[in-house]
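Please look over the sequence and the predicted model shown here, and then read the briefing that follows, which is grouped by topic.

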Amino acid sequence: EEKPSLRYISNEVNDRILARCPSLSSFHPTCWLQNPFIAWSVMLFREQFWSYTYKREFLTAPDGGKVALDWFSEEEEEEEENHDDDDDDEKKGPQPDLPEDAPIMLIVSTLAGGPMSYPNCKPLSFFAQKGYRSVCYVKRGCGIQRPNPYVTAKAWCLLDYEDLTMAIDHISKKY
């Protein structure tokens, strides 16, 4: 058991909060968080039971490379090839019950990430439940659970934001 270091201004309100929250005066991690390998294993085990569905939309860059937009969806998963500017058949997208002016939550995934990695799927799900169009941007060659394979020699780079700009432009035109 550890005693956390708390920094606060001692006043009536803060003292009352501390008195009602004994967990703020001592800390003991759960058994599965005491070992990083056990915590990682539990996270992988939990991941098997997530049942989120995403509709993948591919965008083709001018050089032929592909990036993916994985839209949080209530429907069955589909893959769709894209995109020309005159392709407006699907104006509503994978969340058809949302209003046209619904806000959009765009998550730019990490190297290994995609919509199913924990740091991405939880916010996507949360914001979808709050009425946002939730979408995860998957870079060239990235994603472990749902890979976005390389089709050109150009790899993604943190300093190169052309693909991301293309995806943002596509989303803004679509909605």
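**A buried serine and its surroundings**

S109 is buried, since its relative accessible area is 3%, where buried stands for under 20% relative accessible area, exposed for over 50% and partly exposed for what lies in between, computed with a 1.4 Å probe on protein chains only. This is a predicted model, in which local features need pLDDT of at least 70 and side-chain atom pairs count only at pLDDT 80 or more, while totals for chains, interfaces and linings use all residues. Residues are numbered from 1 along each chain as its sequence is written, and side-chain values use heavy atoms, with hydrogens and water left out.

**Around S109**

- S109 sits in the loop between β4 and α3, where helices (H or I, at least four residues) and strands (E, at least two) are DSSP runs numbered from the N terminus.
- From its side chain, S109 reaches the backbone oxygen of Y137 at 2.9 Å.
- When neighbours within four places in sequence are left aside, S109 is in contact (heavy atoms within 4.5 Å) with G114, N120, C136, Y137, V138 and K139.

**Aromatic residues**

- The structure holds four aromatic pairs, with rings of Phe, Tyr and Trp (its six-membered ring) pairing if their centres lie within 6.5 Å, and with planes under 30 degrees apart counted as stacked, over 60 as edge-to-face and the rest as tilted.
- One of these pairs, F126 with F127, is edge-to-face, at 5.2 Å centre to centre and 90° between the planes.
- F126 is partly exposed at 42% relative accessible area, and F127 is also partly exposed, at 22%.
- Together with Y132, F126 and F127 form one aromatic cluster.

**Confidence**

- The chain averages a pLDDT (the predictor's confidence in each residue, from 0 to 100) of 78, and 79% of the residues score at least 70.
- Over residues 76-92 pLDDT stays under 50, and the model has 37 contacts beyond four places in sequence for them.
- Where pLDDT is low, the predicted coordinates should not be read in detail.

Methods:
Polar contact = N/O pair within 3.5 Å; in protein donor to acceptor, adjacent residues only side chain to side chain.
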